[in-house]
Amino acid sequence: MGTYLKGGATYYRSIGQNVLITSKTYKYSNGYFGDNSRHGNIHTRNIVSENALSSANDFYNKLAYGGTEQVINNNLSITRMADGTVITKRIISHSDGSPVVDINIKGSNHSGGIKQQKIHFIGG
């Protein structure tokens with residue numbers, strides 16, 4: 001069994017290579033996607049959508065394109081990017097039940113300006 005790159009990519013990509021395509025669809029400013037959460041923590045973000053799950057999946061697929069994905073269970077998927085970024089998608093978050101994408105750039109050597117953040121997709 002071999003390793004497959006997410007989305008049918010032909011080479012292992014960094015998250016920095018996926019910023020432009022993702023930011024064309026989702027609000028992006030100063031390294032953060034979406035808006036501050038109502039709790040005021042800049043690292044916890046919200047993206048409002050009519051279909052939160054569909055938007056979370058689309059966002060994750062764009063940002064994680066060309067990474068290696070591991071599906072843990074029906075709720076959790078983890079993608080590792082070439083630069084060391086780890087992107088995690090949970091269908092149901094522990095805190096509020098919304099779909100959430102967590103971007104962990106602690107090990108990144110090419111984040112493309114994206115900052116560490118957790119994005120909740122909430123109904124509009």
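In which strand is Ser-77 found? Ser-77 belongs to strand 6, residues 76-80, where helices (H or I, at least four residues) and strands (E, at least two) are DSSP runs numbered from the N terminus. This is a predicted model, in which local features need pLDDT of at least 70 and side-chain atom pairs count only at pLDDT 80 or more, while totals for chains, interfaces and linings use all residues. Residues are numbered from 1 along each chain as its sequence is written, and side-chain values use heavy atoms, with hydrogens and water left out.

View 1. Leaving aside neighbours within four places in sequence, Ser-77 is in contact (heavy atoms within 4.5 Å) with Tyr-60, Glu-69, Gln-70, Val-71, Ile-87, Thr-88 and Lys-89. The C-alpha atoms of Ser-77 and Arg-90 are 6.7 Å apart in space, although these residues are 13 residues apart in sequence.

**View 2. Lys-6, in the segment before helix 1 (19-23).** Lys-6 counts as buried because its relative accessibility is 11%. The C-alpha atoms of Lys-6 and Ala-64 are separated by 6.9 Å, while the two residues are 58 residues apart along the chain. When neighbours within four places in sequence are left aside, the contacts of Lys-6 include Tyr-60, Asn-61, Ala-64 and Thr-79.

**View 3. Aromatic rings around Phe-33.** The structure holds four aromatic pairs, where rings of Phe, Tyr and Trp (its six-membered ring) pair if their centres lie within 6.5 Å, and planes under 30 degrees apart count as stacked, over 60 as edge-to-face and the rest as tilted. One of them, formed by Tyr-28 and Phe-33, is tilted, with 4.6 Å centre to centre and 45 degrees between the planes. Tyr-28 is partly exposed at 26% relative accessibility, whereas Phe-33 is buried, with a relative accessible area of 0%. Phe-33 also pairs with Phe-59 in an edge-to-face arrangement, 4.9 Å centre to centre and 85 degrees between the planes. Phe-33 lies in strand 2 (residues 32-33) and Phe-59 in helix 2 (residues 52-63), so this pair ties together parts that are 26 residues apart in sequence. Tyr-26, Tyr-28, Phe-33, Phe-59 and Phe-121 form one aromatic cluster.

**View 4. The largest nonpolar core, with 19 residues.** A nonpolar core is a set of buried Ala, Val, Leu, Ile, Met, Phe, Trp, Tyr and Cys residues joined through side-chain atoms within 4.5 Å. The residues with the most contacts inside this core are Phe-33, Phe-59, Leu-63, Ile-87, Ile-103 and Phe-121. Helix 2, strand 8 (100-104) and strand 9 are the elements that give two or more residues to the core, and helix 2 gives the most, with five residues. Not counting residues up to four places away in sequence, Ile-103 touches several residues, among them Ile-15, Phe-33, Phe-59 and Leu-63.

**View 5. Asn-30, in the loop between strand 1 (28-29) and strand 2.** Phi of Asn-30 is near 55 degrees, which is a positive value in a residue other than glycine. Asn-30 counts as exposed, with 64% relative accessibility.

Terms used
Buried means under 20% relative accessible area, exposed over 50%, partly exposed in between (1.4 Å probe, protein chains only).
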